[in-house]
Amino acid sequence: MKKIISLLLATVTAISLVGCGSTPTIVRPDSDGFAEGKMGDTMRTYFFDYTVNSAYLCDEYAGYTAAEGNELLVADVTVKNTGSSEIEMYDTDFQIQWNGDADDAFDFSLTFYTEDGEGLNDKMLPGIYTLAGKESRTGLLVFEVPAGNTDFSISYMEYFDDDTTGDTFFVYFDADKK
C-alpha cells in the first residue's frame with residue numbers, strides 16, 4: 001500500500017510540474033474564424049504573432065493627460081513577423097474594446113490621433129513601422145478609454161490586398177489602476 005501511495009504522489013507531482021513550464025500558449029482561429037486568448041497568449045495570425053504582455057490604467061502617461069471621464073490604458077505588446085518578407089504595421093491594426101452599451105465601445109492607439117503618428121516617447125509603437133522577416137518588436141500601445149472599465153480586449157482582424165478579410169483575434173484581460 002505504501003508503494004502505491006508513493007507512486008500516486010510521484011505521478012501527481014510530475015503532472016503538476018508539467019503545467020509550470022514557460023512555454024506560451026499559441027492561439028489559432030477556430031473553424032468560424034475567431035480566436036480568443038488571454039494576456040500572455042501568443043495570437044497566431046496569417047501575417048504575424050502578437051502577445052499582450054501586460055496592461056495597466058493610469059490618468060497620465062508621458063505628459064499626456066486623459067480627458068475628463070477617461071483614463072489611459074497602457075498595454076505592452078510584442079509583435080513578431082512570422083514570414084520572410086517585411087510587413088508594414090499600422091496603429092489601426094490593433095483596436096481596444098471595453099464593456100459598454102454603445103456600438104462605439106472601441107478605439108485606436110493615441111498615435112492614430114497625432115499629426116505625425118509618433119508616440120509620446122520611444123517606448124510606444126509608432127503609427128507606422130516596418131517589421132523585417134522574422135523580426136520581433138515590443139512596445140507600448142496607449143489608448144484613451146472611459147473611466148471605470150477594467151475588462152478589455154485588444155483585437156486584430158486580418159485584411160488582405162484583395163480587400164477581403166480573414167480571421168479575427170481577441171486578447172481578453174483585466175487592467176488595474178497604477
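This report covers strand pairing and salt bridges in a predicted model.

**Sheet and strands**

Five strands make up an open sheet, ordered β2-β14-β13-β9-β10, with mixed pairing. β2 (34-38) and β10 (106-107) are the edge strands; each has a single partner strand, so one side of each lacks a neighbour in the sheet. The partner of β2 is β14 (residues 165-174), and the two run parallel over five bridges. Within this pair, Gly37 lies opposite Val171 of β14.

Elsewhere, β8 (residues 87-90) and β11 are antiparallel and joined by four bridges. Ile87 has Leu131 of β11 as its bridge partner. Side chains alternate along β11 (residues 128-131). Tyr129 and Leu131 point to one face and are buried.

**Salt bridges**

The structure contains four salt bridges. Three of them are listed here.

| Pair | N to O distance |
|---|---|
| Asp41 and Lys38 | 3.3 Å |
| Asp49 and Arg44 | 2.7 Å |
| Asp59 and Lys177 | 2.8 Å |

The bridge between Asp59 and Lys177 links distant parts of the chain, 118 residues apart. Asp59 sits in the loop between β4 (48-58) and β5 (60-61), while Lys177 belongs to strand β15 (residues 176-177). Both residues also join Glu71 in a salt-bridge network.

Asp41 is buried, at 6% relative accessibility. Asp59 is partly exposed at 41%, and Lys177 is partly exposed at 46%.

Key. Residues are numbered from 1 along each chain as its sequence is written. This is a predicted model: local features need pLDDT of at least 70, side-chain atom pairs count only at pLDDT 80 or more; totals for chains, interfaces and linings use all residues. Side-chain values use heavy atoms; hydrogens and water are left out. Buried means under 20% relative accessible area, exposed over 50%, partly exposed in between (1.4 Å probe, protein chains only). Two strands pair if DSSP finds at least two bridges between them. A salt bridge is a side-chain nitrogen of Lys or Arg within 4 Å of a carboxyl oxygen of Asp or Glu.
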